[in-house]
Amino acid sequence: MSEKIKIALIGLGTVGTGVARVILEESERLTRRCGKQIELAKVVVRDKKRPRMIDLPEEIVTDSLQEVLDDKSISLAVQLIGGIHPAKEYMEQLLDSGKDVVSANKALLCEHGSELFSRAREQGRSIAFEAAVAGGIPIIHVLNQAMSGNQITSIEAILNGTSNFILSEMFLGSRDYEDVLQEAQELGYAEADPTLDVDGTDAAQKLCLLTQLACGTKVSLDQFPRQGIDTLALDDLLYADELGYSVRLLAVTRISNNQLEMHVQPTLVQLDKPLAQVNGAYNMIALEGDIVGKTWYSGLGAGQNPTASAVISDLVDTVAGRNKLIFPFMDLWDSQQPLEVLPAEKIRRRYYMRFNVLDQPHVFAEMADILGRNQISLASIIQHETPETGESNTDEQQVVPVVIMTHLTTEGQIQAADKELSELKSLLPNRVIMPVLD
Ligand SMILES: NC(=O)c1ccc[n+]([C@@H]2O[C@H](COP(=O)([O-])OP(=O)(O)OC[C@H]3O[C@@H](n4cnc5c(N)ncnc54)[C@H](OP(=O)(O)O)[C@@H]3O)[C@@H](O)[C@H]2O)c1
């Protein structure tokens with residue numbers, strides 16, 4: 001008979017329910033994998049009366065965290081509540097009461113990870129957080145273990161399944177943003193309030209965590225440019241395709257000369273690159289190490305089962321004692337000289353620009369003049385032929401889209417040109433600018 005280990009689950013929502021189900025239904029498998037029998041001793045929820053998607057013995061469900069803190073026989077807590085408060089205070093109390101913690105909360109670990117990781121180390125406990133980045137893809141294990149001999153030199157990643165679902169469905173089905181967003185909500189890929197997914201915040205939080213692990217430097221959201229997919233139109237995806245690219249919400253970190261270049265932006269990716277071929281709610285992470293070269297990891301980045309899979313692997317690692325060995329050696333302690341983050345205006349790339357312009361003489365000349373004065377040289381221009389309207393009618397001028405691909409330039413030069421362009425009367429306000437991944 002294997003030794004028993006008592007654990008608590010804090011949160012029984014989408015992920016918590018999936019985790020509880022695996023613990024109860026796959027008990028034998030888990031015992032074989034970690035050498036101990038995992039007993040779900042307590043489940044903490046906010047509202048005990050709410051109907052649940054899983055049958056649990058009534059006596060283990062509570063709305064009191066204190067019951068877990070007071071129970072010294074519980075040595076591990078799987079904390080699956082979202083947001084910052086009270087998740088932060090809960091995690092501190094769990095660590096202080098001598099429990100190891102498994103968490104999926106990227107928002108909390110992005111903002112307060114450093115202090116929580118240090119607190120765990122001081123208490124001789126561990127925090128495992130595989131599920132906080134890219135759901136079912138074991139990318140934290142890859143960084144901490146499989147690539148431990150490498151210095152990571154770049155991370156290029158699709159880290160938000162909702163945005164990727166929307167972008168690929170828009171393109172494949174020739175559909176509008178709003179239409180696909182609604183479907184994503186119906187399918188459960190997007191929250192009722194999808195802001196953090198579609199404005200790039202969720203992907204940026206995950207990139208911060210990956211970057212901290214990859215290079216031992218804490219970075220915060222306000223240190224790098226972040227833009228979501230909520231301003232894109234189907235036309236942008238079609239123009240990108242015409243030019244040989246796919247549009248993906250790309251989270252990028254590059255490390256060179258002791259500097260970090262970071263950004264989360266909708267980006268044009270050449271169609272033959274693996275990142276361009278990731279469709280639906282899938283994530284992909286391309287990691288480059290100085291020894292191994294480039295490697296790719298793909299899978300479902302969210303949802304009940306993929307996320308539960310990652311949580312369970314942390315649970316098994318912690319029960320088996322593996323996490324206790326690995327945690328102290330993760331690059332989480334700011335022990336190295338912090339790396340400088342390259343200011344946004346110095347980031348150097350090629351750009352896609354789409355303008356809606358009034359079809360009248362001199363428009364091109366005005367635009368070319370502004371771009372030229374800002375040292376931006378043009379690689380190609382698309383303006384599709386428009387139907388001839390006969391006599392020019394100044395009251396109802398035709399609006400035509402113009403798409404420009406630039407040669408290498410900087411974000412600073414692009415922003416300066418964009419400011420001047422915004423003052424041209426012949427340009428309509430809805431301009432779209434995206435970088436290109438080369
Ligand atoms: N859903 C995903 O696909 C996914 C993927 C990766 C990571 N994550 C992360 O996993 C975490 C959980 O996400 P989720 O989607 O499972 O959330 P969820 O469905 O909203 O569930 C949250 C659970 O936490 C409980 N809870 C909230 N506040 C509480 C409090 N103060 N005291 C006790 N219990 C409390 C809720 O209790 P009641 O049920 O009683 O309200 C609920 O059971 C989040 O950090 C999220 O970012 C989620």
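## A walk through the predicted model

Let's start with helix α7: its buried residues are Gly161, Thr162, Ser163, Asn164, Phe165, Ile166, Leu167, Ser168, Glu169 and Met170. Here a residue is buried if 20 or more other C-beta atoms lie within 10 Å of its own, exposed if 12 or fewer, and partly exposed in between, with C-beta atoms placed from the backbone. Helices (H or I, at least four residues) and strands (E, at least two) are DSSP runs, numbered from the N terminus.

Before going on, two notes on how to read all this. The model is a predicted one, where local features need pLDDT of at least 70 and side-chain atom pairs count only at pLDDT 80 or more, while totals for chains, interfaces and linings use all residues. Residue numbers start from 1 along each chain, following the sequence as written.

Back to α7, which covers residues 161–173. This helix is mostly covered, with 10 of its 13 residues buried. From first C-alpha to last it reaches 17 Å, close to the 18 Å expected at 1.5 Å a residue; the expected span is 1.5 Å times one less than the number of residues.

Now hop back to helix α1, residues 14–25. It has 12 residues and reaches 17 Å, close to the expected 16 Å. Its buried residues are Val15, Gly16, Gly18, Val19, Ala20 and Ile23. They pack against β1 (4–10), α2 (27–34), β2 (37–44), β4 (74–79) and α12 (304–320).

Leaving aside residues up to four places away in sequence, Val19 touches Leu9, Val78, Leu80, Ala308, Val311 and Ile312, where contact means C-beta atoms, placed from the backbone, within 7 Å. Val19 also stands out in the largest nonpolar core: of its 127 residues, Ile10, Val19, Val78 and Val311 touch the most other members. Helix α10 (residues 201–215) gives the most to this core, with 9 residues. A nonpolar core, by the way, is a set of buried Ala, Val, Leu, Ile, Met, Phe, Trp, Tyr and Cys residues joined through C-beta atoms within 7 Å.

Of the 23 residues around the ligand, Gly11, Gly13, Gly82, Ala104 and Asn105 come nearest; a residue counts as near if its C-beta atom, placed from the backbone, lies within 6 Å.

What about the strands? β1 and β2 pair in the parallel sense over 7 bridges, and pairing means that DSSP finds at least two bridges between the strands. Ala8 stands opposite Lys42 in β2. β2 also pairs in the parallel sense with β3 (residues 61–62), over 2 bridges, and there Val44 stands opposite Thr62.

Finally, a few loops. Pro86, in the loop between β4 and α4 (87–96), is joined to His85 by a cis peptide bond with omega about 10 degrees. Asn257 has a positive phi of about 50 degrees although it is not a glycine, and it counts as exposed because it has 7 C-beta neighbours inside 10 Å. Thr217, in the loop between α10 and α11 (234–242), is partly exposed because 18 other C-beta atoms lie within 10 Å.

Terms used:
Two residues are in contact if their C-beta atoms, placed from the backbone, lie within 7 Å.
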